[in-house]
Amino acid sequence: RPRRLMPTTNFVSALWDRPGESLAFPVCVEDGGLRRVAPRPLANGLGEHVLRTRRPLLLAGDVGARAREMGIEPAGAMPAAWLGAPMVTGDEALGVIAIQDFEDAAAFDQHNLEVLTIIAGQAAAAIRTTRLLAEAP
């Protein structure tokens, strides 16, 4: 079995649609399989918190309770561990990459947070470049 950098059985990328004040989900992996997720209006969830603060976030244990202590209103099934990093380029937040584990509260650590932050930065640069190329005459 190949060694992985970090567990990614449950992974999502969310892009911020500023004009529509919504989040689109171009990639969503649940239990290792791709899943289509419809765009939704911005709320006060974990992803939106990372988007607003532009700071990575790692929660483990009772993720729902820890999030509520921070003023976040998480929705859906609560994982045992949640890790999210903002996709930021320049001064613009483009979206969030998040991974979660529903069984192991110790699935992610500081190293995973640093790696996901680097990946999110690279993804943001690629998205920005793609958008600029699409706008070019």
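Buried denotes a relative accessible area under 20%, exposed one over 50%, and partly exposed anything in between (1.4 Å probe, protein chains only). The model is predicted, so that local features require pLDDT of at least 70 and side-chain atom pairs count only at pLDDT 80 or more, while totals for chains, interfaces and linings use all residues. Residues are numbered from 1 along each chain as its sequence is written, and side-chain values use heavy atoms, with hydrogens and water left out.

Figure 1. Helices (H or I, at least four residues) and strands (E, at least two) are DSSP runs, numbered from the N terminus. Ala80 is buried, its relative accessible area being 13%. Contact is defined as heavy atoms within 4.5 Å. Apart from neighbours within four places in sequence, Ala80 contacts Leu59, Ala60, Gly61, Val63, Asp101, Phe102, Glu103, Asp104 and Ala105. Ala80 and Phe102 are separated by 22 residues in sequence, yet their C-alpha atoms are 4.8 Å apart.

**Figure 2. Asn10 in the segment before β1.** The relative accessible area of Asn10 is 8%, so this residue is buried. A polar atom of the Asn10 side chain lies 3.0 Å from the backbone nitrogen of Asp31; a polar contact is a pair of N or O atoms within 3.5 Å, of which, within protein, one must be able to donate a hydrogen and the other to accept it, and residues adjacent in sequence count only if both atoms are side-chain atoms. With residues up to four places away in sequence not counted, Asn10 touches Val29, Glu30, Asp31, Ala98, Ile99, Gln100 and Phe102. Between Asn10 and Gln110, 100 residues apart along the chain, the C-alpha separation is 18 Å.

**Figure 3. Pairing of strand β1 (residues 11-17) with β2 and with β7.** Two strands pair if DSSP finds at least two bridges between them. β1 and β2 (residues 22-30) are antiparallel and share 6 bridges, with Asp17 partnered by Ser22 of β2. The hairpin formed by these two strands has 4 residues between them, and Glu21 in the turn has a positive phi of about 45°. β1 is also antiparallel to β7 (residues 92-101), to which 5 bridges join it; here the bridge partner of Leu15 is Gly95.

Figure 4. Arg54 follows the helix and has a positive phi near 60°.

**Figure 5. The largest nonpolar core, with 18 residues.** A nonpolar core is a set of buried Ala, Val, Leu, Ile, Met, Phe, Trp, Tyr and Cys residues joined through side-chain atoms within 4.5 Å. Leu23, Leu46, Leu51, Leu57, Leu59 and Trp82 touch the most other members. Two or more residues of this core come from each of β1, β2, α1, β5 (57-60), α2 (63-69) and β7. A second, separate core has 17 residues, including Ala81, Met87, Phe108 and Ala120.
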